[in-house]
Amino acid sequence: MTDTFATCSGLAASTFAAPRFEKIALQLSEHGYEVKRNEAWMSGATDRGQFEIAGEEGAIRITLAAKDAKTLFMLRDQILHIVDHADPELLTQFEWSGILPDQGPPANFRLAEVVEVTQPFPHFYRVTLKADNMAHFSDGAMHFRLLLPPQGRTPVWPALDATGRTRFPTGEDQLHNPVYTFVSIDVETGLFAFDVFIHDGGRITEWARGAQVGDTIGMTGPGGGQMPTAQSLTLVGDETALPAIRRILALAAPEVIGHAYIEVGGAEDIQDLVKPKGITVTWLIRGADLGPVETLFALYGDAPMESMPFLWCGAEKSQVQRARKHFRDTIGIGPEQSYFSGYWRKEA
Ligand SMILES: Cc1cc2nc3c(=O)[nH]c(=O)nc-3n(C[C@H](O)[C@H](O)[C@H](O)COP(=O)(O)OP(=O)(O)OC[C@H]3O[C@@H](n4cnc5c(N)ncnc54)[C@H](O)[C@@H]3O)c2cc1C
């Protein structure tokens with residue numbers, strides 16, 4: 001564990017047993033983490049940092065390392081989630097030392113206040129919120145989760161339990177937690193904005209429509225969606241991915257070349273995008289043109305892998321799954337050369 005600055009470790013005395021260790025390894029693998037291991041030791045990394053889990057004189061020791069305290073907190077949450085799935089009883093037995101979260105709400109939770117809701121395009125609301133200590137959210141990650149309590153109930157926000165894990169309310173207090181993309185974020189003032197695609201039945205659409213200055217909503221993150229660094233890009237997406245595509249194009253280096261294909265419901269939602277000169281933007285009108293995933297297949301469905309740019313695809317989940325299956329599983333393009341993410345799910 002090198003090049004890291006924040007570490008902590010948890011020791012659960014008299015808990016080591018081979019089947020228990022197996023269960024943890026299985027959960028890590030089911031959650032998609034690659035693990036190096038032997039019978040009493042395993043180690044690996046997540047997007048947050050590195051972990052090591054070892055049997056030590058009959059105890060289990062978890063050692064975690066990340067670039068800073070806030071990332072360590074999120075790494076610890078990831079690993080405690082795994083342990084909880086493997087063996088909830090074990091989770092309660094760890095004694096922790098090192099850099100640990102303070103008591104109180106989780107470090108990545110914010111209560112944000114509505115400052116303004118505008119409608120810059122017919123099918124988008126732009127919501128501006130304000131929250132304290134937004135530096136945590138400005139490390140380049142593009143997305144965050146809103147946390148919307150059920151209507152008519154007093155909000156119950158996520159909290160740390162005695163083991164240090166973040167617990168989200170369940171049952172009648174369960175929070176709606178969709179992902180959104182930052183349009184802007186100002187660490188000094190705590191102001192940040194995001195665009196909501198207005199669609200029928202959307203809980204966030206309804207919330208934004210009725211939101212008053214001073215209303216509060218929870219948020220957590222940041223999460224994922226790092227900028228692609230390739231020199232040649234093809235991006236496809238619908239309105240929900242438009243904020244992410246817009247941000248990628250705005251931040252891309254001037255020499256980046258490629259194409260973006262963005263589906264909208266009608267010409268009235270077409271926007272001017274800041275982008276490198278070598279990128280062309282084509283607006284796809286729903287119902288009249290091919291959809292984003294169909295466009296990807298039309299462009300590259302039969303193309304040899306060597307000729308492909310970085311493929312970026314954000315759209316309805318089942319469509320994206322079709323694209324991922326073809327381009328990742330059949331053609332063999334790896335995650336270093338592609339991004340496929342279901343941005344919303346069509347009800348069956
Ligand atoms: C990484 C990422 C970034 C995202 N960024 C944004 C963003 O910046 N702006 C944005 O608007 N969305 C964004 N989304 C998509 C957003 O999270 C989903 O659309 C989410 O379902 C919206 O929640 P809701 O409360 O509006 O709808 P829900 O209450 O979750 O769903 C209600 C109904 O609406 C349907 N529905 C959901 N989304 C759509 C849609 N796009 N079109 C038609 N019907 C729909 C559902 O199938 C359901 O029937 C992003 C998603 C991801 C994964």
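Which backbone N or O atom lies 2.8 Å from a nitrogen atom of the ligand? That atom belongs to Asp-195. Before we look around further, note that this is a predicted model, where local features need pLDDT of at least 70 and side-chain atom pairs count only at pLDDT 80 or more, while totals for chains, interfaces and linings use all residues. Residues are numbered from 1 along each chain as its sequence is written, and side-chain values use heavy atoms, with hydrogens and water left out.

Let's stay with the ligand. It has 23 residues around it, counting a residue as near if one of its heavy atoms lies within 4 Å. The closest are His-176, Val-179, Asp-195, Phe-197 and Arg-345. His-176 places a polar side-chain atom 2.6 Å from a ligand oxygen atom, and a polar backbone atom of Arg-345 is 2.6 Å from an oxygen atom of the ligand. A polar contact here is a pair of N or O atoms within 3.5 Å; within protein, one must be able to donate a hydrogen and the other to accept it, and residues adjacent in sequence count only if both atoms are side-chain atoms.

Now for the sheets. Helices (H or I, at least four residues) and strands (E, at least two) are DSSP runs, numbered from the N terminus, and two strands pair if DSSP finds at least two bridges between them. Four bridges link β2 to β3 (residues 41-45), and Lys-36 sits opposite Ser-43 in β3.

Another open sheet has five strands, ordered β17-β16-β15-β18-β19, and its pairing is parallel. Its edges are β17 (279-285) and β19 (338-344). Seven bridges join β16 (residues 257-264) to β17, and Tyr-261 faces Thr-282 in β17.

Finally, look at two helices, α6 (residues 292-300) and α7 (residues 317-331). Their axes come within 9 Å and cross at roughly 25°; axes are lines fitted to C-alpha atoms, for helices over the stretch in contact, and angles run from 0 to 180 degrees between N-to-C directions. The two helices, α6 and α7, are therefore roughly parallel to each other, a label for angles under 35 degrees. Contact means heavy atoms within 4.5 Å, and the residues involved include Phe-297 of α6 and Phe-327 of α7.

Key
Parallel < 35°, antiparallel > 145°, perpendicular 65-115°, else oblique.
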